[in-house]
Amino acid sequence: MVILIIYLFFRDWLVAFRPLIDIPVSLIGAFFIMYLMGYSVNVLTLLAIVLATGLVVDDGIVVTENIYKKIEGGMNPIEAAHKGSREIFFAVISTSITLAAVFMPVIFLEGFVGRLFREFGIVIAGAVLISAFVSLTLTPMLNAYMVRKKPKKSKFYIMTEPFFVGMVNSYEKSLGRFMKIRGVAWIILGVCTILIFIVGNNVQSELAPLEDRNWFRVSMTAPEGASYEYMDAYVQKMAKFVMDSVPEQRLCLTVTAPGFIGSGSVNSGMMRVGLKDPSERKRTQQQIADYITKNAKAFPEAKAFVIQEQTISSGGMRGGLPVQFVLQAPNFQQLKEKLPLFLEEANKSKIFQTIDVNLKFNKPELAITINREKAKGMGISVSDIAQTLQLALSGQRFSYFNIDGKQYQVIGQFERDKRNETLDLKSIYVKNKTGEMVQLDNVVNMEEQSSPPQLFHYNRYQAATVSAALTKGKTIGDGIEEMERISKKVLNESFSTALTGPSRDFAESSSNVLFAFILALVIIYLILAAQFESFVDPLTIMLTVPLALCGALISLWYFNQTLNIFSQIGIIMLIGLVTKNGILIVEFANQLKEQGKTVREAIISCCCSFTSNLNDKYCNSFRCYANCFSLRSRFKK
């Protein structure tokens with residue numbers, strides 16, 4: 001792809017293949033940096049290598065184009081290599097240092113985002129710096145000796161030359177007309193800045209797009225107090241529904257009361273559904289998950305919701321729902337009062353599809369109070385009552401017996417149909433001191449209650465974590481914003497809130513990348529100010545950043561993409577690419593001004609020089625786009 005793009009602009013196979021020598025040299029240097037830093041070949045380092053493959057060609061193209069122009073003008077190849085590389089020396093150094101500096105804030109990010117992208121930033125920054133060294137040493141030598149002795153234009157060159165000449169002439173005329181009304185540039189800049197805020201608020205945000213991993217998990221929870229048999233029947237019913245109505249499934253594993261993912265209570269269950277490869281099914285993993293979630297409501301015996309593993313997670317409840325909002329209270333009573341109101345508001349919201357909370361108050365209990373005076377009068381002790389209840393209900397093991405070489409337990413317990421209802425306890429008899437049988441309800445009082453199965457703490461506060469699945473078209477950012485709105489409406493000042501799981505990862509990554517974005521702008525400006533020895537030239541270059549940022553956000557909005565950690569890193573990378581192109585324009589304009597041209601003449605001349613700038617800009621832009629497109633196609637597979 002890189003060769004083809006270069007050939008389409010240079011229209012010479014020898015020139016097109018020449019920059020490819022720069023790629024392996026620069027990438028070998030990048031692998032050497034990985035070796036020195038102790039990095040492994042992983043997804044992020046490979047992502048850096050793929051992007052660096054396109055970036056390292058930039059400097060080689062610029063140097064080659066400048067030398068090629070001089071050779072076409074009749075200059076000796078060796079002399080052209082010396083003079084061409086000398087002219088472009090400052091621009092290459094400036095652009096490479098600037099592009100490498102863009103990734104410096106990424107390297108020093110804190111948290112799991114910093115740990116993830118530290119290797120990415122170092123590898124790609126190292127590759128860019130090495131490519132600058134190669135383009136100023138190896139590339140001029142190759143251009144001096146790998147040149148046709150008798151330059152001859154190919155038929156393709158002759159056939160396409162009118163198109164390129166016409167393109168440059170049209171651009172020169174339009175640029176000349178625009179220079180007469182150049183004050184409009186400030187209006188365009190202002191409009192783009194306003195669009196950044198308008199479009200940016202309409203672009204949904206999330207940590208990372210969900211990956212189609214060919215599997216997902218269905219979590220099921222029955223009411224507290226449900227028996228194992230009840231839960232197991234529901235799990236089997238859900239499994240049969242999935243196997244009958246989801247032809248894309250290749251396996252369905254069910255576990256009732258799974259102790260390896262939680263408390264292991266008998267009212268919980270899980271189902272792991274494995275899917276066929278995407279090429280063998282018509283529906284995506286997300287569509288299948290939405291279908292199961294929608295139809296799970298037809299089974300009201302318990303609550304079931306689909307959980308898809310997040311693409312990036314720093315730990316915690318990795319397999320949980322995407323939105324996890326923690327309510328923290330100074331005491332349990334306040335939490336008990338406000339939590340139902342919070343859940344009521346959350347269930348009304350159209351943002352959420354499923355609401356769950358880890359702190360529940362629906363565990364049924366039967367409080368038995370012994371009437372000690374009455375029991376004493378009947379000759380019954382407290383230990384007699386306790387022992388009777390234990391023998392009847394607890395399933396105590398008495399002994400073992402062997403049959404056919406196998407050992408079995410002897411369990412003492414009433415049959416289930418005689419201990420299912422509260423009234424069954426009243427039919428139990430306890431023996432008094434004289435050996436008489438006394439019905440239990442004569443000496444005890446029974447009261448039905450409900451209480452939480454367990455209490456939770458977060459940051460030393462008594463807490464409850466509200467988890468939510470999102471409706472179609474909504475992201476984690478929308479969910480967190482809705483949770484915060486509900487908390488302001490329901491909770492009082494004594495409460496505090498926090499995020500956990502994927503929601504905490506999202507909030508952490510958003511703040512870190514915003515910091516990296518601002519710091520990248522500051523570092524680039526300071527570096528350019530030092531290189532140009534001017535505060536005006538860097539400002540001219542930096543003013544192009546809002547235009548590029550506006551285009552990036554409009555592209556995300558138009559193609560219905562989200563602002564996630566990958567697109568944010570891409571925007572930071574875009575800053576370097578935009579400033580890199582701006583440096584070349586400003587540097588050539590300054591050189592023409594030193595030769596005696598006016599500012600207007602220098603601008604038009606440097607922008608419209610076909611073989612010096614415009615060709616480089618189009619070639620580099622199309623080549624970078626093709627490289628990213630191939631990367632997108634690879635990840636889509």
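Is serine 205 buried, exposed or partly exposed? At 21% relative accessibility, serine 205 counts as partly exposed, because buried would require a value under 20%. I start with this residue and then work outwards. Please keep in mind that what you see is a predicted model.

Serine 205 sits in the loop that runs between helix α9, residues 184–202, and strand β1, residues 215–221. Leaving aside residues up to four places away in sequence, serine 205 touches Thr475, Ile476, Gly477, Phe506 and Leu563. If you want a sense of distance, take lysine 70: its C-alpha atom and that of serine 205 are separated by 49 Å, and the two residues are 135 residues apart along the chain.

Now the whole protein. It has 22 helices and 15 strands. Its radius of gyration is 35 Å, well over the 26 Å that the globule rule gives for 637 residues, so the protein is more spread out than a compact globule. Along the principal axes, the C-alpha atoms fill a box of roughly 125 × 60 × 45 Å.

What share of the 637 residues is buried? The figure is 47%. The accessible surface comes to about 33,300 Å², and carbon and sulfur atoms hold 59% of that surface. On contacts, take those with a separation of 6 or more: 77% of them join residues 24 or more positions apart. As for charge, there are 66 positive and 54 negative side chains. The centres of those two sets lie 6 Å apart.

Lysine 180 has a relative accessibility of 67%, so it counts as exposed. Arginine 600 is 420 residues away along the chain, yet the C-alpha atoms of lysine 180 and arginine 600 are separated by 9.8 Å.

Next, the cysteines. A disulfide is a covalent bond between the sulfur atoms of two cysteines. How many disulfides does a search of the whole structure find? The search finds zero. Cysteine 550, for one, is in no disulfide, and the nearest cysteine sulfur, that of cysteine 192, is 4.3 Å away. Cysteine 550 is buried, because its relative accessible area is 4%. Cysteine 252, by contrast, has 22% relative accessibility and so counts as partly exposed.

Last, the backbone. Most residues other than glycine have a negative phi. Where does asparagine 459 lie? Asparagine 459 is found in the loop between strand β13, residues 456–458, and strand β14, residues 461–470. Although asparagine 459 is not a glycine, its phi is positive, at about 55°. With a relative accessible area of 56%, asparagine 459 is exposed.

Asparagine 560 also has a positive phi of about 55°, and it is not a glycine either. Its loop lies between helix α19, residues 545–558, and helix α20, residues 565–594. Is asparagine 560 buried or exposed? Asparagine 560 is exposed, with a relative accessible area of 64%.

How values were computed: Residues numbered from 1 in each chain as written. Predicted model: local features only at pLDDT ≥ 70, side-chain atom pairs only at ≥ 80, totals over all residues. Heavy atoms only, no water. Helix = DSSP H or I, 4+ residues; strand = E, 2+ residues; numbered from the N terminus. Rg over C-alpha atoms; globule rule 2.2 N^0.38 Å. Buried < 20%, exposed > 50% of the residue type's maximum accessible area, 1.4 Å probe, protein only. Contact = heavy atoms within 4.5 Å. Areas by Shrake-Rupley, 256 points an atom, 1.4 Å probe, with all protein chains shown as cover. Lys, Arg positive; Asp, Glu negative; His and termini not counted. Charge placed at Lys NZ, Arg CZ, Asp CG, Glu CD. Disulfide = S-S within 2.5 Å.
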